[in-house]
Amino acid sequence: MNNNHNVTAAIDLLFNPVSLQAAIEIEDETDCDVTAGLEWGLAVPAFLNNPALLGRLTKLRLLLNQELRLLLQEWNLGIGEKTALEVAQKRLIQRLQLPENNAISALQEILQQDELFDVSELIYNRDLLKSLLSLLLLDSDWEEIAVAAANSVKEQVIYQVGVNQISA
């Protein structure tokens, strides 16, 4: 992607508050989520004009999902890991579709760095991915992830007690 102007224009269209408001209004009118493919929502028209941006965002999203999975594995959540990951990935999709302002500037900066998308450079930059996750996912998102993991553990304990009828 040699033309940073095209990247900037596509990113501006993708995260422009007017475009986001139009997307919200269309979803309200149709009473459904308007999504396609990897759930980029109404950002798809921006991608049609700039397929390289779609490639970069898709790669970044896949890498962020992979980093989430690695983080949750490292945290050793046991039976709660699967549910925590499902909630985390759902929240990540939502945050990528409607990122906070500080995350938008970080995304713009990352998406314009050609060297990060050459070969597999970004794959090895876990610190960058963790930093971006910390910008994208809010404290409330992490709380929701923790509650989901805790509920999975609780359900498993209650199930095991019911099945095994522990006696003293």
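This is a predicted model, and its pLDDT averages 77 over the protein, with 64% of the residues scoring at least 70. Which elements sit at the two ends of the scale? Helix H3, residues 44-49, has the lowest mean pLDDT among the elements, at 52, while H8 has the highest, at 93. There is also a stretch to read with care: over residues 33-40 the pLDDT is below 50, and in the model this stretch has 21 contacts beyond its near neighbours in sequence.

Now for the overall layout. Of its 168 residues, 33% are buried. The protein exposes about 9,900 Å², and carbon and sulfur atoms supply 53% of that area. If you take the contacts with a separation of 6 or more, 71% of them come from residues 24 or more positions apart.

Helix H6 is a handy place to start looking around. It covers residues 101-111, and its buried residues are Ala103, Ile104, Ala106, Leu107, Ile110 and Leu111. Why do these residues line one face of the helix? Look down the axis of H6 and the buried residues fall within an arc of 165 degrees, so they line one face. Turn to the other side of H6 and you'll find Asn101 and Glu109, both exposed.

Next, the charged pairs. The model has 6 salt bridges. One of them brings together the side chains of Arg126 and Glu67, at 2.8 Å from N to O. This pair links distant parts of the chain: Arg126 is in helix H7 (residues 126-136) and Glu67 is in helix H4 (residues 51-74), 59 residues apart. Are the two partners buried or exposed, or something in between? Arg126 counts as partly exposed because its relative accessibility is 26%, which lies between the 20% and 50% cut-offs. Glu67, by contrast, counts as buried, at 2% relative accessibility.

Glu74 has 47% relative accessibility, so it counts as partly exposed.

Another salt bridge joins the side chains of Arg95 and Glu100, at 3.8 Å from N to O. Arg95 counts as buried, at 12% relative accessibility, whereas Glu100 is partly exposed, at 34%. Which residues does the network around this pair include? Salt bridges that share partners join Arg91, Arg95, Glu100, Asp141 and Glu144 into one network.

Arg91 deserves a visit of its own. You'll find Arg91 in helix H5, which runs over residues 81-97. With a relative accessible area of 14%, Arg91 falls under the 20% cut-off, so it counts as buried. Leaving aside residues up to four places away in sequence, Arg91 touches Leu137, Asp141 and Glu144.

Finally, let's head to helix H8, which holds residues 139-164, Val153 among them. Val153 is partly exposed, with a relative accessible area of 36%. Which residues make a nonpolar surface patch with Val153? Ile79, Val157 and Val161 do, and the patch comes to about 310 Å². Val147 also has its place in helix H8, and at 39% relative accessibility Val147 counts as partly exposed. Although Val147 and Val87 are 60 residues apart along the chain, their C-alpha atoms are separated by 9.7 Å. And as you look at H8, remember that this helix has the highest mean pLDDT among the elements, 93.

Terms used
Residues numbered from 1 in each chain as written. Predicted model: local features only at pLDDT ≥ 70, side-chain atom pairs only at ≥ 80, totals over all residues. Heavy atoms only, no water. Buried < 20%, exposed > 50% of the residue type's maximum accessible area, 1.4 Å probe, protein only. Contact = heavy atoms within 4.5 Å. Areas by Shrake-Rupley, 256 points an atom, 1.4 Å probe, with all protein chains shown as cover. Helix = DSSP H or I, 4+ residues; strand = E, 2+ residues; numbered from the N terminus. Arc of directions from axis to C-beta. Patch = residues over 30% accessible without salt bridge, like charges linked within 9 Å, V, L, I, M, F, W, Y side chains within 5 Å. Salt bridge = Lys/Arg side-chain N within 4 Å of Asp/Glu carboxyl O. pLDDT = per-residue confidence, 0-100.
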